[in-house]
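Hi,

Here is the structure I said I would pass on.

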Amino acid sequence: MKKFLTFFISLFLLISYAQGQSAIKISGAVKDNKGLPLPGVTVTIKNSKIGTATDTNGIFSINATKNNILVFSLIGYATKEVAVNNNTIVNVILEEDVSSLDEVVVIGYGSVKRRDLNYATSEVSSKSIEDRPITNLQQAIQGRAAGVTVVQPSGKPGSGLSLRVRGYGSLNGSNDPLYVVDGVQLLSNDGINPNDIENITILKDAAATAIYGANGANGVVLITTKSGQAGKSQISFETYYGFQNLTKKLPVLNAKDFALLINEERTNVGQQPFITDVNNIAYNTNWQNEIYRQGAQQNYQLTASGGSEKYKYYLSGGWNGETGTLAPAKFGRYSIRYNQTSTLFPKLKIGSNISISRINSVDVADNNRVNQGGVVLSALSTPPTIPVQNPDGTYPQNPYQALENPVAITRGADNTSFTNKILGNVFAEYQLPADLKIRSTFGVEANDNRSDSFIDPFTTGNGRALKGFASAGSNNEVIWQNENILSYQHTFNKKHSINAIGGVTFRKSQYTGTYLSGKNFANSAIKTVNGASEKLDASSNNSSWAYLSYLARVIYSYKDKYTATASFRADGSSRFGPNQKYGYFPAASVGWLISEEDFLKNVNWLSSLKLRYGIGSNGNSAGIGDFSYLARYRVGYNYPINNNTQPGTITTSIANNDLKWEVNTTNNLGLDISIFNNRINLSADAYYRKTTNALVNRPLPSQTGYTSITQNVGSLENKGLEFNLNTINYAHKKFNWQTDIVFSLNRNKVLDILGQQIMSGGVGDNGSVTITEQGEPISSFYGYVSEGVDPATGNITYKDLNTDGKITDADRTIIGNPNPKFEGGVTNRFTAFGFDLSFLFQFIYGNDVYNATRIETEGMSGPKNASTAVLNRWTTPGQITDIPRAAFGDPNKNSLRNSTRFIENGSYLKLRDITFGYNLSNVLKNQSVLKSARIYFSGRNLFTVSNYKGYDPEVSRNGGNPFQLGIDYGTYPQVRTLVFGINAKF
């Protein structure tokens with residue numbers, strides 16, 4: 001490997017050297033008018049595509065002839081041209097431009113200058129990703145985009161983050177945004193290497209997303225990957241390594257306190273105690289110490305990029321690995337990317353963007369009760385009075401309930417999976433006469449997934465009962481995409497500007513899946529299903545879908561002051577019913593650049609002021625299955641006839657020829673203002689988003705033989721405010737300080753679901769803990785109102801809402817809201833003397849969390865360990881406490897009810913990220929091999945300010961499931977990460 005790496009680096013250095021012999025090497029520094037170095041300045045040779053960029057110290061070098069003219073440009077600064085002549089050193093000072101409105105923003109199927117942008121968008125640049133260790137693209141967005149909620153519901157290695165744009169707009173459909181990478185619409189964003197990302201643009205309002213039609217209702221995340229630069233061959237190597245630990249452990253009872261508790265539970269209900277001698281207990285096992293460990297995180301990436309005026313390339317290979325804090329959880333991602341563009345003829349350009357990735361993971365079971373394999377709850381509730389492992393190699397169970405201990409759960413089962421992914425496209429672009437251009441793209445996303453599980457037949461009680469168990473599942477999906485876009489861009493008389501596109505797109509998917517399982521293994525030598533003597537299940541399925549779409553958009557600008565945008569998309573889908581095959585999604589927006597008016601031109605402190613408004617509609621078809629509109633049948637059903645079974649077919653659903661997409665209509669009013677030479681920049685948006693034709697499972701009379709039918713009969717709304725503030729607080733030759741603040745609030749309400757009450761969020765034997773009903777936010781917590789512990793009896797008293805003198809289901813009500821009142825983030829960036837420091841504080845306020853873990857650890861109704869909170873339990877009449885009496889079996893169903901007792905404030909303030917780095921450019925300036933290098937130390941989740949009693953308030957057992965938000969029930973705890981890294985460029 002070392003020899004290969006040395007050869008690879010040497011080869012590219014040789015190429016770079018050879019290219020440089022045909023011209024003079026010009027070098028220099030670019031600074032602003034205060035003498036501060038300007039990184040990222042584009043330096044090009046005029047009338048060519050040869051160029052480079054300044055490093056973090058403003059230093060550049062480029063090969064040019066003495067007759068060339070160098071062009072220096074940077075967003076927010078006036079472009080400057082300098083003749084080379086006989087100079088080999090060229091130092092330049094760039095003046096701030098009074099406007100940064102010529103910055104180009106990526107939008108759907110194209111790009112537009114910011115002055116012509118009438119949409120609500122948020123952008124994240126590669127700089128935000130390169131300066132800190134990021135393992136997935138959602139982490140790059142978290143706390144940095146107003147109106148975009150990113151929650152990491154679990155600390156499990158490789159666990160996906162839940163990303164929501166402007167709340168929840170669907171009940172039974174998907175609430176995930178559409179991800180588009182280099183023009184390819186994704187089914188899954190797994191496998192994307194964040195180090196390959198150049199820019200992320202999030203389209204938030206319907207005026208922006210309507211161009212994506214039936215797939216754009218939940219926002220669109222546009223991802224542009226990196227490309228090479230002409231005349232600049234470069235090799236870069238990036239790596240980091242670090243450690244992970246739990247943010248905290250929960251205090252539980254030791255062996256003696258546990259023995260006292262379970263004895264008290266039994267004597268309180270007239271039964272004999274379990275443990276007679278509480279002072280002589282052989283074991284005192286701390287199960288959290290046994291299963292949790294120090295984890296590790298590491299990343300390695302090697303990149304080569306460059307090219308010429310006619311050919312540019314970007315090649316990267318990387319590996320990211322994470323060893324979890326809860327053994328044996330781990331995650332690994334391998335990725336390769338190759339992007340290239342070639343100008344074959346002056347009017348013809350072709351290119352490709354191709355990536356291949358593989359993800360390997362080892363899972364551990366969480367979010368479940370102990371009897372369902374939940375290892376986190378097992379660590380908290382397994383009695384400390386038993387050993388980890390018996391001398392014969394078996395794992396002892398809870399002696400009172402025959403439940404596995406947590407070590408047995410983690411070691412006695414293997415849960416592995418892998419995903420192979422190919423993502424890419426090839427395109428051809430031809431410049432036609434009359435400012436017309438046509439671009440044809442062919443893209444593909446191929447996902448190959450495999451998961452295997454095995455339970456040892458000997459070491460665990462569950463394994464011995466089944467005599468071993470194994471399962472294997474696999475699925476494969478290939479999605480083809482073809483887009484043909486005709487674009488037109490022209491300016492008339494320096495006043496009228498038109499940017500228009502029109503096109504047709506096609507997408508098609510083919511899916512296959514299989515599942516096998518079996519039990520009864522002779523031993524653990526063979527861990528696959530073929531080693532089972534008894535096969536339990538063997539099934540397979542396949543499916544497909546297709547879209548045919550037509551789209552158009554026109555952006556018109558007059559005098560660079562008044563802008564109007566109109567777009568339209570028609571989507572035809574195989575998923576829609578025959579009466580609703582096509583959906584139509586129009587949008588329009590207008591913008592007024594007020595600062596360009598004569599009455600404001602002499603206001604020196606005002607850099608720019610723009611007012612914009614947009615309205616549009618788009619769809620959500622993700623909740624519609626491939627054949628949901630058809631009457632479906634279950635083949636292979638066994639009918640009981642005369643004590644025998646006969647194979648047959650049974651109907652499972654009713655046809656609905658009117659089934660169609662959900663419709664989201666959004667009104668958005670925005671204001672953008674920059675003052676004091678763009679030192680302070682504020683974007684503010686107010687929106688109202690209404691979902692109609694929402695998919696609802698409508699109940700049917702039992703006489704029909706069916707329970708429900710899915711119809712487009714529901715509606716809900718989201719409305720909110722967003723603010724994005726960027727300030728340059730201090731700019732000096734030796735010190736810089738910038739701040740970014742994002743703030744947003746969203747209010748969600750269900751408007752119509754036919755008067756139903758949708759119950760969900762089942763917690764153990766307690767049943768549902770959430771309710772979704774008209775007039776209330778989605779996924780409200782539902783249960784009893786606890787009025788505290790009765791000092792006389794030690795029982796919890798509950799509020800009798802219907803005043804009938806008894807506590808029944810009729811006394812349940814809404815007891816909490818998992819949706820926050822507001823959220824945001826504050827990022828500060830400092831640079832001084834080659835050092836840099838950045839940190840992000842992220843906050844969420846006003847949301848509730850249902851801490852169902854406490855039902856297990858504070859219920860005191862069975863022979864299992866408990867939280868140290870129960871040391872304050874009621875024991876004698878007259879005692880004032882908030883912990884009820886212990887009672888084996890909870891005979892009165894008193895302590896375990898879903899109630900306000902387990903509702904907690906989920907608000908938090910987190911130091912989400914902090915990075916401290918040093919640029920080694922000054923140290924390296926006397927050598928020619930290493931162009932630049934930066935070392936850094938970074939931490940994630942270093943501390944959390946919260947009153948939450950669980951592991952972490954940032955939790956959701958079921959991820960982004962809209963009916964089960966904010967439930968904590970044995971979820972894999974969050975972790976604190978510390979890493980050291982280095983980025984080097986050759």
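Let's start with a salt bridge: the side chains of Glu722 and Arg166 meet in one, at 2.7 Å from N to O. (A salt bridge here is a side-chain nitrogen of Lys or Arg within 4 Å of a carboxyl oxygen of Asp or Glu.) The pair ties together distant parts of the chain, 556 residues apart: Glu722 is in strand β34 (residues 708-731), and Arg166 is in the loop between β12 (162-165) and β13 (178-181). Glu722 and Arg166 are both buried, where buried means under 20% relative accessible area, exposed means over 50%, and partly exposed is in between (1.4 Å probe, protein chains only). Helices (H or I, at least four residues) and strands (E, at least two) are DSSP runs, numbered from the N terminus.

Before I go on, the housekeeping. This is a predicted model, so to speak of a local feature I need pLDDT of at least 70, and side-chain atom pairs count only at pLDDT 80 or more, while totals for chains, interfaces and linings use all residues. Residues are numbered from 1 along each chain as its sequence is written, and side-chain values use heavy atoms, with hydrogens and water left out.

Back to the salt bridges, of which the structure holds 32. Another one joins the side chains of Arg873 and Glu264, at 3.0 Å from N to O. This pair also links distant parts of the chain, 609 residues apart, with Arg873 in the loop between α10 (853-858) and β45 (903-905) and Glu264 in helix α5 (residues 255-267). Arg873 and Glu264 are both buried.

Then there is Arg612 with Asp685, whose closest N and O atoms are 2.7 Å apart. Here the link runs between two strands, Arg612 being in β29 and Asp685 in β33 (residues 680-699), 73 residues apart. Arg612 counts as buried because its relative accessibility is 4%, and Asp685 is buried too, at 7%. Salt bridges that share partners also join Lys349, Glu429, Lys437 and Arg439 into one network.

Now the cavities. How many of 30 Å³ or more does a search of the whole structure find? There are nine. For the method: on a 1 Å grid over the protein atoms alone, a cavity is a set of points where a 1.4 Å probe fits but cannot get out, and lining residues have an atom within 4 Å of a point. Grid points are joined across faces, edges and corners, and a volume is the space filled by probe spheres set on the points.

The largest cavity has a volume of about 100 Å³. It is lined by 18 residues, and the closest to its centre are Gly143, Ala145, Val148, Glu823 and Gly824. Elements giving two or more residues to that lining are β11 (148-151), β35 (735-752), β42 (822-832) and β43 (835-845), and β11 gives the most, with four. By class, the lining has nine nonpolar, seven polar and two charged residues. (Ala, Val, Leu, Ile, Met, Phe, Trp, Tyr, Cys and Pro count as nonpolar, Asp, Glu, Lys and Arg as charged, and the others, Gly among them, as polar.)

Gly825 is also in strand β42, and it is buried because its relative accessible area is 0%. The C-alpha atoms of Gly825 and Ile741 are separated by 5.8 Å, although the two are 84 residues apart along the chain.

β28 (582-593), β29 (606-620) and β32 (662-675) each give two or more residues to the patch, with the largest share, three residues, coming from β29. Val590 lies in β28 and is partly exposed, at 45%.

Pro433 is exposed, with a relative accessible area of 59%. Pro433 and Lys347 are 86 residues apart in sequence and 9.9 Å apart in space, C-alpha to C-alpha.

Cheers

Key: On a 1 Å grid over the protein atoms alone, a cavity is a set of points where a 1.4 Å probe fits but cannot get out, and a pocket is an open set with protein on both sides within 12 Å along at least five of seven lines; lining residues have an atom within 4 Å of a point.
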